[in-house]
Amino acid sequence: DANEYIKNITALVSNDPKLQACDPVTLICGGLTAAQLHFSLNKSLGHAWLIPYNNHGKMEAQFQLGAKGMVQLAQRSGQIKHLNVTEVYEGEISKYDRKFGTIELDGEKKSDNVVGYLACFELINGQVQELYWTKEKMLKHAKRFSKSFNYGPWQTDFDAMAKKTILHKLLKDYAPLSIEAASALDKDQAIIREDNVLDYIDNPENDVDEQMQ
């Protein structure tokens, strides 16, 4: 895949002046990560991206997985029968089980007002796992863990970012992933340096702290 990788990253960088200004090592390491996963960096495909990021005055490339890339990683395990992520609208929740954190969506939609986000999967053995966050919880999470919350995609496309976030959380915490897939989720939103060193400049705090609240 070497030739394809070179074409991929060359085309990407040549069309983006901000990426041209990034530390070449972060571009190479991020691009290699995408190539190892057999993901294209073509933005229209939604598999993965390299995002230019100003890190204390130095431009560096951050590796980001897209929601479609996450779905592909999950499917590669061969154990997931169904996988879905969706917005939940006002009136749709008919029952909330606080003990297990599950909801039932038998209610009638009352408006286009999004009240939460749901991600769920079913394994081929019949096991079902779901994760639901209210919009308020998602907003709190985004403000805490994203330094670019006030001017980035959380402002321009909140629902898409929220669905990616809840899907990432579900897969990382509960899905039977391959070592390759688990490693890819760990690299999401990291600046990848030499020797596979990961720098989470946009998410400096440990996510475990958020789970303990």
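Visitor: Is Cys120 buried, partly exposed or exposed?
Guide: This is a predicted model, and the relative accessible area of Cys120 computed from it is 22%. Buried requires under 20% and exposed requires over 50%. Cys120 is therefore classed as partly exposed.

Visitor: Is Cys22 buried or exposed?
Guide: The relative accessible area of Cys22 is 4%. The cut-off for buried is under 20%, so Cys22 is buried.

Visitor: How many disulfides does the structure hold, and how far from Cys22 is the nearest cysteine sulfur?
Guide: The number of disulfides in the structure is 0. Cys22 takes part in no disulfide. A disulfide needs two cysteine sulfur atoms within 2.5 Å, whereas the nearest cysteine sulfur to Cys22, in Cys29, lies at a distance of 13 Å.

Visitor: In which sense do E1 and E2 pair, and which residue of E2 stands opposite Trp49?
Guide: Strand E1, residues 48-55, pairs with E2 over 8 bridges in the antiparallel sense. In the hairpin of these strands, 2 residues lie between them, and His56 has a positive phi near 55°. The residue in E2 opposite Trp49 is Gln64.

Visitor: How many of the 8 residues of strand E2 are buried?
Guide: Strand E2 covers residues 58-65 and is largely enclosed by the rest of the structure.

Visitor: How far apart are the end C-alpha atoms of helix H7?
Guide: Helix H7 has 17 residues, 158-174, and its buried residues include Phe158, Ile166 and Leu171. At 1.5 Å a residue, the helix should span 24 Å. The distance between its end C-alpha atoms agrees with this, at 24 Å.

Notes. Residues numbered from 1 in each chain as written. Predicted model: local features only at pLDDT ≥ 70, side-chain atom pairs only at ≥ 80, totals over all residues. Heavy atoms only, no water. Helix = DSSP H or I, 4+ residues; strand = E, 2+ residues; numbered from the N terminus. Expected span 1.5 Å × (residues − 1). Buried < 20%, exposed > 50% of the residue type's maximum accessible area, 1.4 Å probe, protein only. Pairing = 2+ DSSP bridges.
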